Every structure is written in C-alpha cells, then in structure tokens.
Amino acid sequence: MDPLGIHARPAALMIKTAAGFASDIRLNAKGKSIALSSILSLMTLGLKQGDRMNITVEGPDEVQAAKTLRAVLP
Amino acid sequence: MTLRCEKAQALCQKDQAAIFEAQKLMLEDQEFIDRIQESIGQDKRTAVYAVLQTSEFYADMFLGMDDELMRSKSADIRDVSSLLVRCLSQGKADKKLLAPGIVVADYLLPGDLVEMGRENLLGLVVRHGSPSSHLAVLATGMNLPMVVCPDLDIEPALEGKTLAMDGGEGLLFIEPDSSTQTLLKEKAQELIYRKQVLASTGEELCYQGRRIELLANVGSIEDIRQAIQAGCDGIGLFRTELSFLGRQELPDEDELVEYYSQCLELMPDRPLVFRTLDIGSDKQIQGLSLPQEANPALGCRGIRFCFAHTDLFKTQLRALLRAAVKGRPALMFPMITSVEEVAHIKALLREAADELKQAGLPYRDHLPLGLMIETPAAVVLARELAREVSFLSIGSNDLAQYTLAADRENEALADRFNDRHPAVMKMIALTVEAARQEGVALSLCGELARDTQALPQLLETGLTRLSVSPSRLEAVKAKIRQLCKQ
C-alpha cells in the first residue's frame with residue numbers, strides 16, 4: 001500500500017471502481033467492516049501502510065469485480 | 001436535498017482537478033446524505049444546521065487521526081459542506097455565481113440581486129414580480145435582462161438546461177433550437193451596441209436632426225484618459241498593436257487581460273472598440289522576424305497577418321474575451337476583403353472561447369463584432385459583410401490609399417494622396433448606404449473625420465458616427481456645432 005495510506009484520490013478511485021459493479025463489496029480492516037460505497041467511511045478508517053485489510057465481494061459479477069479492484073488498489 | 005446535492009455537483013464537476021473527484025464522491029456519499037437527512041427528519045434541524053453538524057462530525061473524525069495527511073482531509077469535507085450551505089442558504093452567505101448563468105427563482109429581493117452582483121449573471125427569471133417592481137428597476141439599472149414567468153414550473157430538471165430569454169419581449173425559451181438561439185444572439189448584440197451609444201455622456205451633437213456621435217481613436221490608457229477628459233461618446237478605435245511594438249518580448253495573455261481590463265474599467269458605460277492586431281512587415285515587432293515584402297501595404301498585414309500567426313492572434317482573442325467580463329467591449333478586425341475571412345475569424349473566436357471554457361477561466365462571449373472597411377473589396381461587399389456582424393467602420397486612410405492606388409507614405413505622391421478625392425467620398429457614400437440597408441451601425445475612424453473642412457461633405461453622406469484622436473475632439477465638436485447652426 002501507498003506508505004502515506006489511502007487518501008483522497010486513491011480512495012476516490014476505489015469507490016468509483018466498486019460503484020461500477022452490482023456486487024456487494026465490503027472492506028474489512030481494523031476490526032471494522034464498511035461498504036465500499038462510502039468514501040467517507042473509507043477515508044475515516046485511516047488506513048495506512050502496514051494495516052491489514054481484506055475485501056469481500058459477493059454478487060453476480062463478483063469475479064470480475066474482485067479482479068478489477070485488485071488492479072486499482074494502492 | 002437531492003436537488004441541492006445535484007446543484008453542488010454541477011458546480012463541482014466544472015472543476016476537472018482530480019481532487020474534486022473525491023469531493024464529489026463525498027457529496028454523493030449515502031452515509032453523508034443519510035446523516036444529514038436524519039438530522040433534518042428526526043432531530044428537526046434546519047438543513048444548513050444539519051449539513052454543518054454532519055460536516056463537523058466527519059471533520060472531527062479526520063482531525064482525531066494521528067496522521068497529518070489524514071487530518072488535512074477535514075478541509076475537504078468542510079469545503080464540500082460549505083458548497084452545500086451556499087446552495088441552501090437564502091440568507092447572508094456568498095451569493096456570487098461561480099459560472100455564467102441565468103438565475104431562476106420564485107421571488108427575489110432587490111438585496112439578493114445586489115449581493116449576487118453582475119459577474120457571471122446573464123439574466124433573471126422570477127415567478128413573482130412585475131416590470132415596475134424594485135427588482136425590475138434594479139435589473140434595468142444593471143443592464144440585466146429579466147423575465148417574469150408566473151406559470152414556470154421551477155423543477156430540478158431546469159438545472160443544466162439551456163435557457164434563453166428575451167427581456168424586451170418578456171419571453172423565456174427552454175432548450176431553444178439553434179435558429180432561435182442565433183436570432184436571440186443577434187438581437188442581443190444589437191441591443192448591447194445601441195445601449196452603449198445611449199449611455200454616452202456629455203452634450204448631444206446633431207446635424208440635420210440626426211444625432212452625431214463623436215468617438216475617440218486611442219492606442220493607450222493615457223489616450224483613453226485624455227479622451228474622457230475631452231468628452232466623447234466612447235472609443236471608436238483602440239489600436240491594440242501599439243502594446244506589441246517597441247518591446248523585446250511579446251506580451252503574454254495574462255498581461256494583455258490586465259491591460260484590456262484597465263481600459264474597460266475606464267469606460268464602464270460607453271462603447272470601447274478593440275481593433276485586433278494590425279501589423280505587417282511595415283510595422284515590425286521584436287520577437288517576430290517578418291520577411292521583407294516588396295509591397296508591405298499590399299502584403300501580409302492586418303487580418304492576413306493574424307491568420308498567418310494564429311497562436312498570437314488567439315492569445316489576443318482569449319485576452320479580449322477574458323477582459324470582457326469587466327465591461328462590454330466590441331471587437332473589430334482590420335483589412336477585411338472577403339466574407340470567408342469573417343467566417344474564419346468567427347471560427348477562431350469559437351476556438352478561443354472553447355479553450356477558455358476548458359481552462360475554466362471566466363470570459364464573456366458573443367461580443368459585438370465589427371469589420372474595418374478599408375479596402376475597395378470591402379466596400380463592394382459591404383452589404384454581404386454587414387450581414388455577418390454588428391457594425392462596420394471605415395478606415396479612411398487605407399481606403400484612400402487603396403482606392404487611389406497611391407502609397408500614403410510616399411512623399412512624391414503627397415499631392416495625389418487626397419482623402420477628400422471624389423472617388424474616396426463615393427466609396428464612403430456606398431458604404432453608408434450598404435450599412436443603412438442592412439441596418440448595422442457604421443463609423444468612420446480615419447484622418448478624414450478630423451479634417452474640419454471635410455466634415456460638411458462627410459455628414460452629408462449620412463454618416464452619424466465619427467472617431468478622431470482625443471486631441472481633435474474639441475475642434476471637431478466645435479465645427480459640428482457651427483454646422484448645426486447654419
């Protein structure tokens with residue numbers, strides 16, 4: 001991950017990418033689980049390099065969504 | 001609420017900067033909207049309060065982080081929220097428009113209009129009001145079209161639609177077709193021009209019952225000051241090339257914007273006609289080495305030079321469009337010989353305006369356009385040319401030189417170069433008639449206008465607008481007064 005953490009622009013890219021799929025996409029980190037549809041939720045998590053996270057994708061286009069998201073992760 | 005969000009989005013999208021993408025997402029953020037709605041719905045807060053409260057909730061979260069960069073995100077959410085508040089607020093918030101547009105409202109107080117200011121405001125549409133209301137009086141004073149539409153359905157879908165209005169007729173067009181748009185644009189240009197003329201100050205000069213307007217030919221800010229002091233109806237010719245001459249480097253766009261803005265600020269309520277660069281190989285500019293021509297007067301000069309140096313020309317056009325937000329200038333183009341040239345000018349103007357739009361810079365479009373009639377070709381085509389523009393202006397010096405085939409710089413021809421020659425006078429009369437038939441304004445801005453002996457003959461042709469150097473304003477005025485009494 002970007003050593004400076006997930007800030008506005010990469011966060012915007014992740015949210016926009018996630019919005020392009022019908023699947024329910026959630027990000028789990030720091031003991032919290034957020035829908036990857038809210039940029040404010042993502043940014044207020046305050047993720048930084050070294051923080052562990054995982055993304056769950058469930059829905060009709062889950063395979064493609066997971067693949068695309070992996071490519072845009074910072 | 002959704003409407004307000006959409007409005008703010010529209011403002012946001014104007015900014016292509018990447019950072020605004022994130023702000024836009026914040027604005028669309030369902031969690032953000034839910035919180036605001038909850039505050040309004042359950043806690044019975046006002047919308048402005050709800051937005052500010054929610055904004056502070058997130059700002060606090062960001063500020064509580066241990067990382068400086070993340071803490072700075074609090075500014076983003078506050079920025080987005082202030083945009084929302086600005087849209088929501090009917091009260092004291094900043095009402096300045098961020099982009100040119102027509103304001104549609106149920107009702108407006110005169111104070112609202114004053115706070116909005118003139119900048120970017122193209123027109124007013126209100127549901128309640130009358131032509132005699134204070135608002136209407138104020139709008140007239142601000143030279144702002146206003147239409148009262150009691151039956152207008154003010155719905156979110158209006159946002160972003162193209163609106164056109166005819167304040168004179170009290171008509172509003174929603175998504176007008178291109179022919180209506182063209183018609184209205186032409187009407188607007190005409191009106192603007194007439195209004196500038198009416199706004200002229202000082203005494204009124206008349207000749208045989210016709211109002212004679214006396215304008216000034218200038219080349220610098222100092223000249224404009226002198227012209228104002230002497231009393232004139234406006235600036236009929238601003239020679240823009242003078243600021244390009246006698247310097248090492250070409251002025252850049254920002255410098256020109258500043259310069260033209262200063263000129264316009266001196267002439268807020270009177271016409272100011274900027275003539276675009278009129279240079280050629282006889283007037284060399286540093287930084288551009290122009291090839292020597294055997295016949296500079298018949299060479300690549302005036303508009304021909306501009307077409308050959310479109311970068312330079314477009315820099316000037318962009319600067320003029322940008323400065324135009326400070327006033328109501330008109331643009332005039334030199335050395336025209338064909339209608340095709342006018343089409344090309346318009347295309348370049350369009351490009352210049354598009355470039356400014358893309359750069360997100362403020363500018364004013366659809367300025368009155370005028371053409372110099374200084375070649376015999378332009379005289380013969382005067383009617384066709386007039387149909388393309390708002391006004392024509394005879395440059396009598398060059399028109400005499402080209403009509404008589406006599407170089408005005410050649411001393412040996414000094415007695416042949418006579419701008420009172422019958423052929424020149426006939427050329428002028430032809431142009432006056434063409435302008436009259438096509439209903440466009442016409443002025444004369446050459447030396448001939450300052451020649452008090454030529455004045456009776458010139459005024460006889462029906463010319464009503466003359467432009468002379470500031471130092472000659474008094475003498476010409478006195479002569480017209482004297483002729484008027486006879």
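To what does the secondary structure of chain A come in helices and strands? In this predicted model, the secondary structure of chain A comes to three helices and three strands, and these follow the pattern α-β-β-α-β-α when chain A is read along the sequence.

**Chain A**
- Of the 74 residues in chain A, 34% are buried.
- When contacts in chain A between residues at least 6 apart in sequence are considered, 60% of them join residues at least 24 apart.

**Chain B**
- Chain B holds 20 helices and 14 strands, and buried residues account for 37% of its 486 residues.
- Among the contacts in chain B that link residues at least 6 apart in sequence, 61% are between residues at least 24 apart.

**The contact between the chains**
- Chain B brings 19 residues to the contact, while chain A brings 17 residues.
- On the side of chain B that touches chain A, at least two residues each are supplied by helix H2 (18–28), helix H3 (30–41), helix H4 (47–63), helix H5 (68–71) and helix H6 (73–88) of chain B.
- The most is given by H2(B), which contributes six residues to the side of chain B that touches chain A.

Notes. Residues numbered from 1 in each chain as written. Chains lettered and ligands numbered in written order. Predicted model: local features only at pLDDT ≥ 70, side-chain atom pairs only at ≥ 80, totals over all residues. Contact = placed C-beta atoms within 7 Å. Helix = DSSP H or I, 4+ residues; strand = E, 2+ residues; numbered from the N terminus. Buried ≥ 20, exposed ≤ 12 C-beta atoms within 10 Å, placed from the backbone.
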